[in-house]
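Please keep the sequence and the coordinates at hand while reading.

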Amino acid sequence: MASGEGILTDGQWKKLELATQNAESLSSSPKSHPLFADLNIKSPTGGKGPVAGIPVRHVRRTHSGKHIRVKKEGAGGKGTWGKLLDTDVDCCIDKNDPNYDSGEEAYDQLVDSPVSDPLDDYKKDVVSIIEEYFSTGDVKVAASDLRELGSSEYHPYFTKRLVSMAMDRHDKEKEMASVLLSALYADVILPDQIRDGFIRLLRSVDDLAVDILDAVNVLALFIARAIVDEILPPVFLTRAKKNLPESSKGFQVIVTAEKSYLSAPHHAELVERKWGGSTHTTVEETKKKISEILKEYVENGDTYEACRCIRELGVSFFHHEVVKRALVLAMESQTAEPVILKLLNEAAEEGLISSSQMGKGFYRVAESLDDLALDIPSAKKLFDSIVPKAISGGWLDESFKVASDQDGGRSSQDEKLRQYKKDTVNIIQEYFLSDDIPELIRSLEDLATPEYNPVFLKKLITLALDRKNREKEMASVLLSALHMELFSTEDFINGFIMLLESAEDTALDIMDASNELALFLARAVIDDVLAPLNLEEISIKLPPKSTGTETVRSARSLISARHAGERLLRSWGGGTGWIVEDAKDKILKLLEEYETGGVTSEACQCIRDLGMPFFNHEVVKKALVMAMEKKNDRLLNLLEECFGEGLITTNQMTKGFGRVKDSLDDLSLDIPNAKEKFELYVGHAMDNGWILPGFGFSATQ
């Protein structure tokens, strides 16, 4: 064919044929996974390239070969015959046409074939399936929809998408995702596709962590759950570690799954109930159902029916709660004791409640006797009488020891601590209602028991753990206030050690206790309540390979994450008012305005309006630093006025001066005479009684 007569030259035709052959060979070549060399994942298209040669409707070509696309049902345009000769059928090339040119057909296929990616359509469809499943919880419908969707070669993507969507949602959706994967395993999704989906998640965890604060922990729990559910083999962890860089978050996920979730005693139970153990029933709902079963049993005495109801709950790992509530019910009503003991005996003989669950239940009651005594004065005596009956009946292990037997009686010191716990619970509950930090601080000062400060910290966080994000945020803000006013760093260290030592027991009642405690620890560091080195000090005092040690490790990971400060400050929504960074910004602006000629009374009012008296040491620090930088001692007049009005206390003033003293070496890099100026400020403060007498400083130090 002459080059001037056809659309393509002979040379161009050869290039076109070569390109087509290359495209076909690429579309059929298998893809190998970059993480595991031994994976043999087939091409997403199953070795078939996209179908070419489908003509596009309403396309016209002039004799010059130029394409002109005509509007649907339109009357044509320049270079076309218009609507009169247009037809409703698809435009195609007629080989019987006298003007037919064989070269035009291949050109038409090349130019007009639609470009479509089946994976894009698959992605849209699976998102709809997952969203519907999260709404309905219907596993059968989700499995049926996925099967009807076809494109089974893309199932690794479905695994990744399902888990990543659940990671950014509530525990209910996380549990639902795990249940769905177990249901689809082998039946709809092949084992290798499940594995490949998790590999993709490990590779993308760095991106997920940008939006999901605890992505490492959550994905580690998903992998641990998959291993417990036997949809991932344990060897998956070993192979993944060998193929992931140690500095990557994917490697951190594997380590966390191994050490935090799969190496703990009874890890299967812990992992299965981490998200509530049911796609529809929360922990609180389960507790409520247990109470209803026990109350109904006490009324009708039907042991068989009660055991059946307990079995139907499907929470064998949570039977210690049945034991605990049954014992408390027996202590509350003496007439209920015989039938309760009969039920526990029957449940043990049937194997419904295991010996370990029975022991845990008794142990939890023994630990809470002090609190129970507030409502049941004879709780300890009643409990002491039940234990021998349980041991003699053979449904409680003889090794169980009652705390009172080990203590040898209650001392006056124990009584004082018990009263302190009772008082602090009331103070904390009132604070959660009022959000009044100054009032709480006054109440603690009235108790005059600073030796119990670590106990208060433990009680505060324990109560907040079992509440909503608002109370968690309030607890973190209160820790900052107490650090400025009443508590020493040692108090906080000891309080967190007490919390972490009992982390496993706390997890019996609060499913996500470990992750929440890690957030509290990390937040304390961000808020300057603890220094990063304090985490090491806390970790050393905890048993190795314990839940507490793993919690400290998780806290370190949270702190080292990108934008950790901003994200941790908003981990619980920042719902109580000013967060630390916002307060600092406000303080800086009001001081700048005052330094340029502002009115003292207005500046004092702005400080008062902040509503953060426990953070006034920041006002002192920034005022002193600004006075040095601007060489404007007028800022000292503001501090004098604030002190005279009682707006800034001596403790806050001393704290602010102390913080400047600690940072003088850094300040001297920008302000050469910083130490000399600070010495003058300290002398002025001492003369006016702003700071405590023991505070001293010399520029020659």
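This is a predicted model: local features need pLDDT of at least 70, side-chain atom pairs count only at pLDDT 80 or more; totals for chains, interfaces and linings use all residues.

A residue is called buried here when its relative accessible area is under 20%, computed with a 1.4 Å probe and with protein chains only as cover.

**Helix 10 and its cover**
- By that cut-off, the buried residues of helix 10 are Lys249, Gly250, Phe251, Val253, Ile254, Val255, Thr256, Ala257 and Tyr261.
- Their cover includes helix 7, helix 8 (215–228), helix 9 (235–243), helix 11 (267–272) and helix 26 (513–526).
- The 13 residues of helix 10 should span 18 Å at 1.5 Å a residue, and this agrees with the 17 Å that separates its end C-alpha atoms.

**Packing of helix 7 with helix 10**
- Helix 7 (residues 191–211) packs with helix 10 (residues 249–261) at an angle of about 105°, the two axes being 7 Å apart.
- Because angles from 65 to 115 degrees count as roughly perpendicular, the two helices are therefore described as roughly perpendicular to each other.
- Leu202, Val205, Asp206 and Ala209 of helix 7 meet Lys249, Gly250, Val253 and Ile254 of helix 10, and by class this contact has 5 nonpolar, 1 polar and 2 charged residues.

**The chain as a whole**
- The chain holds 36 helices and 2 strands, and 45% of its 701 residues are buried.
- Of the contacts between residues at least 6 apart in sequence, 71% join residues at least 24 apart.

Technical notes
Residues are numbered from 1 along each chain as its sequence is written. Side-chain values use heavy atoms; hydrogens and water are left out. Axes are lines fitted to C-alpha atoms, for helices over the stretch in contact, and angles run from 0 to 180 degrees between N-to-C directions. Helices (H or I, at least four residues) and strands (E, at least two) are DSSP runs, numbered from the N terminus. Angles under 35 degrees count as roughly parallel, over 145 as roughly antiparallel, 65 to 115 as roughly perpendicular and the rest as oblique. Contact means heavy atoms within 4.5 Å. Ala, Val, Leu, Ile, Met, Phe, Trp, Tyr, Cys and Pro count as nonpolar, Asp, Glu, Lys and Arg as charged, and the others, Gly among them, as polar. Buried means under 20% relative accessible area, exposed over 50%, partly exposed in between (1.4 Å probe, protein chains only). The expected span of a helix is 1.5 Å times one less than its number of residues.
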